[in-house]
Amino acid sequence: MIDLRLLHTLRVLHSEGTVAATARALHLSPSAVSQQLRQLAQQVDVELLRQEGRILRFTPAGRVLLRHADVLHTQWERARGELAAQGGGSDRTLRLEGFATAMASLLVPTTRELRDADPPVHARIHESDTRLSYQRLLADQADIAVLTPHPDSPTADDPRFEQRPLMDDFLDLVVPSGHPLAGSGPVDLAAAAEDDWIMPHHDQDRLIQTLCGAAGFSPRRVHHSDEWPVVLEMIGHGLGVCLVPRLVSVAGLPDVARVPLRGGTPPARRVLTAVRRGSAGQPVVAAGLTALRARAAVLTSDSAPQ
């Protein structure tokens with residue numbers, strides 16, 4: 001009988017690439033990970049991995065087992081959901097992951113609603129970036145991740161995850177309150193081509209460069225900060241402009257102004273929920289997804305393009 005925990009280690013190794021990274025993801029020592037992989041190879045009586053120089057590669061047999069491991073873990077997640085629905089287990093804890101700008105307006109209110117539900121769900125929030133969110137889901141350290149996908153993120157049909165659109169987070173041009181565009185109606189993004197730009201964290205930086213390139217210019221990147229409050233502070237002091245998601249509130253900041261962009265639909269970043277494939281039917285996970293969708297619907301209604 002194959003131990004599912006050993007299959008789990010194999011799956012995390014495939015995701016992380018090295019024994020050391022797998023050990024960090026699973027909070028184990030590298031020697032413990034190596035021992036588990038040897039035990040798995042002994043159980044199936046076939047070579048799963050081969051050392052080539054400093055690189056550990058999956059053998060063809062290892063890839064076959066990996067494919068079946070994804071199927072088995074999906075089925076196990078479904079079984080957990082059916083058992084919980086039959087009254088199996090009383091744990092109502094839900095582990096939520098989310099990126100920084102989703103915390104205050106999306107995850108915190110959702111956590112409060114889940115806490116006040118009947119029966120209550122004891123939600124715990126962990127802030128993380130997109131890559132870490134996928135890693136923690138796979139390692140069973142999180143149950144739901146709210147994230148914005150990257151070009152190198154798992155694809156929609158990845159057998160390890162079930163991903164669904166949650167909302168579109170529209171972007172506006174945010175300028176100092178004394179800027180010529182402040183208070184104007186929708187403008188073309190090219191109207192800010194000659195401004196200094198404040199660039200946020202790496203993922204948003206790439207999106208801004210793409211959008212500006214599509215508008216026919218390259219932004220003059222003068223300042224940088226990974227923190228949206230600092231970006232807004234710099235805008236308020238007249239140091240530049242930035243494209244800012246609507247999940248980032250500017251309420252109570254008199255020195256900055258949002259300027260909508262012209263066009264049928266303003267640019268947006270897609271926000272997804274991701275869970276381990278097969279786990280969406282588990283009662284607490286289903287409750288969390290429902291609460292997140294309800295909160296996202298409110299936010300989307302409030303920030304819909306005019």
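Reader: What share of the contacts in the protein chain with a separation of 6 or more comes from residues 24 or more positions apart?

Author: Residues 24 or more positions apart account for 72% of those contacts. A contact means heavy atoms within 4.5 Å. Keep in mind that this is a predicted model, where local features need pLDDT of at least 70 and side-chain atom pairs count only at pLDDT 80 or more, while totals for chains, interfaces and linings use all residues. Residues are numbered from 1 along each chain as its sequence is written, and side-chain values use heavy atoms, with hydrogens and water left out.

Reader: Which residues does Val-256 touch?

Author: Leaving aside residues up to four places away in sequence, Val-256 touches Val-174, Val-175, Pro-176, Ser-177, Leu-232, Ile-235, Gly-236 and Val-250. Val-256 itself is found in strand E10. Helices (H or I, at least four residues) and strands (E, at least two) are DSSP runs, numbered from the N terminus.

Reader: What makes Asp-172 and Arg-258 a salt bridge?

Author: A salt bridge is a side-chain nitrogen of Lys or Arg within 4 Å of a carboxyl oxygen of Asp or Glu. For Asp-172 and Arg-258 the closest N and O atoms are 3.2 Å apart, and the two form a salt bridge. Asp-172 lies in strand E6 and Arg-258 in strand E10 (residues 256-259), so this pair ties together parts that are 86 residues apart in sequence.

Reader: How do you know whether Asp-172 is buried or exposed?

Author: Set the value against the cut-offs: Asp-172 is at 3% relative accessibility and therefore counts as buried.

Reader: How far apart are the closest N and O atoms of Asp-168 and Arg-270?

Author: They are 2.5 Å apart, and Asp-168 forms a salt bridge with Arg-270. The pair links distant parts of the chain, with Asp-168 in strand E6 (residues 161-176) and Arg-270 in strand E11 (residues 268-276), 102 residues apart. Asp-168 is at 27% relative accessibility, so Asp-168 counts as partly exposed. Arg-270, at 41%, counts as partly exposed too.

Reader: What distance lies behind the salt bridge of Arg-164 with Glu-162?

Author: The closest N and O atoms of Arg-164 and Glu-162 are 3.7 Å apart. Arg-164 has 46% relative accessibility, so Arg-164 counts as partly exposed.

Reader: How many salt bridges does a search of the whole structure find?

Author: The search finds 22 salt bridges. Some residues are linked in a network of salt bridges: Glu-77, Arg-80, Arg-95, Asp-140, Asp-143 and Arg-276.

Reader: What makes a nonpolar surface patch, and which residues form the one of about 360 Å²?

Author: Patches are made of residues with over 30% relative accessible area and no salt bridge; like charges are joined within 9 Å, and nonpolar side chains (Val, Leu, Ile, Met, Phe, Trp, Tyr) within 5 Å. Leu-4, Leu-72, Trp-76 and Leu-83 make the patch of about 360 Å². Accessible areas come from the Shrake-Rupley method with a 1.4 Å probe; for residues, only the protein chains shown count as cover.

Reader: Which helix gives the most to the nonpolar patch?

Author: Helix H4 (residues 60-85) does, with 3 residues. Leu-83 is found in helix H4.

Note on methods: Buried means under 20% relative accessible area, exposed over 50%, partly exposed in between (1.4 Å probe, protein chains only).
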